[in-house]
Amino acid sequence: ENASEDAGVGENPKDENASEDQNATEDDKSVNEEEDNGEFGEGAGKESSKENVGNEESNDNEESVEETEKEANDHSGSTDETREVSGENMDETNEGSGDTDETSEGSDEADEGGKSKNQLQDQCDDESNNRWSDREWPASSVQSLVNCDLSDSKCVYFYPANFFDSKCGLGKNFSKYVEQIERKRLNGTLWNNMPAVGFPSLTMDRLCLDETGGRVELEDDKKNTKETDELSDIGLHKNDDGSKCMTERISFLHVHKSGGSSLHSAFNAISRSRSAQVHRHKFFSPSRLPIPPDEAEDRERQKARKSLEQATKYPTGQFNSEQHVIFALMRDPTERFISSMGQAMGANGSGLNGVGPKIRKACIDPESTPASTLKCVAKYVKDHTFWVELHFTPQVLDMSFATLYKDIPLAIFPFTQIKTVLDYFGKGDVKVRNGKSETYRTDKVLTDMTVDDYDDESLQIVCELYEMDVLMARSVGIEIPRCDPHIPHKYDFKK
């Protein structure tokens, strides 16, 4: 399975050294870029592929955004059904549940702020939900990158179901988008001609790497490592010769434009060892056809849901069969928006999305500058909503969709730690495609664009578009200073 999928999934191993190393920091003026073909390759699902063969680009360029939005509204009658199939924590009393208005604005309900813990507001005292964050879970002292209990850990546990809780979640004013994304999935209007969605799980049973990140095959290596194996003597073990061995099961969420292609490259490389296996859970392929109610939970989606039910904080002694820790990277939304623009407007991997030509026509002409283009695209996304293209989706909503809205913990790293994460998997020197490369983005104004091209107006638009990401980031200790003037600090986050 690994041998047949590796070549076509995520980052192509042949392209690892295509250009400069990505080494982003919070202060980066130039936003580095990696190729983004999605977790399971570029393009739509089977139904969409069949009807678009040979004329995808011409047809998509003709189709208006307004028609897509009308289609979404025409199929909006499945709200109750949506709640039923989507599973966990989609509250029946959500005021926005019947709203088919596809906007990018939050609720009109005032957010008075206060104290918050585990992405819940302090006044949340409903213990009947049996939340994951309420479990008596012993802190683990096992050495591992994804053990957020360690005092020197670079990650923090995050609970997306808490965040979007419609009664007392930190992001309750945005909970309607969870229902909107399900409606769009069911009516066939979600991210057409864009990448499929899923998550890979990497099982390592004494997987050893030398100082350079090369695989070390031990004579007594266990063959045919499986996702169903129980793992003991878990964690990271460093050896006197500088090598290290890992025994653990780790999954990652490909938050788009946040280092996903590089991480796929690392997982692909490790999975070639006899002591490791990657299992890919693919459960969403865009399709223009509405999904019948009896097919809303297909086999792959059921398998992914079963796997997600085994997601956990880092264990103290062993990984049970299929038990895994899921991690993701969180990027400053003002930096990510520039990256998303370059991708959505036709960069490698997004040539057939049907959206790029429209945005380029609206926002780029011979007189355009990076600053004028940035402001124009910000206004375009505000007017047409972030649903217009997958890569404009807020990161916290991306995480919720990719975990099927389940109440589970995620280990969140700031994007500034991407090299640390890649180093852990022996790929710290991986070369990824760079947004500054002359051949990566479609127009020079996109290649030259940096965060210095924001002015107060464009920055306010982007910060307000991604207010939910700003709140989520702050809740896990990641500050977004550029948005401070536009998204006031209202919460005291307790650890």
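Start with the link of cysteine 463 and cysteine 483: the torsion about its S-S bond is about -85°, so this disulfide is left-handed. Cysteine 463 sits in helix 16 (residues 456-465), while cysteine 483 is in the loop between helix 17 (467-475) and strand 11 (491-493), so the bond ties together parts that are 20 residues apart in sequence. The two sulfur atoms are 2.1 Å apart. Keep in mind that this is a predicted model. Buried or exposed? Cysteine 463 is buried, at 0% relative accessible area, and cysteine 483 is buried too, with a value of 0%.

Another one joins cysteine 363 and cysteine 376, with 2.1 Å between their sulfur atoms. This link is left-handed, with -75° about the S-S bond. Cysteine 363 belongs to helix 11 (residues 356-363) and cysteine 376 to helix 12 (residues 370-384), so here the pair ties together parts 13 residues apart in sequence. Cysteine 363 is buried, at 6% relative accessible area, but cysteine 376 is partly exposed, at 23%.

Cysteine 208 and cysteine 245 form a disulfide with their sulfur atoms 2.0 Å apart, and with 100° about the S-S bond that link is right-handed. Cysteine 208 lies in strand 4 (residues 197-209) and cysteine 245 in strand 7 (residues 244-252), so the parts being tied together are 37 residues apart in sequence. Cysteine 208 is buried, with a relative accessible area of 2%, and cysteine 245 is buried as well, at 14%.

Key: Residues numbered from 1 in each chain as written. Predicted model: local features only at pLDDT ≥ 70, side-chain atom pairs only at ≥ 80, totals over all residues. Heavy atoms only, no water. Disulfide = S-S within 2.5 Å. Helix = DSSP H or I, 4+ residues; strand = E, 2+ residues; numbered from the N terminus. Buried < 20%, exposed > 50% of the residue type's maximum accessible area, 1.4 Å probe, protein only.
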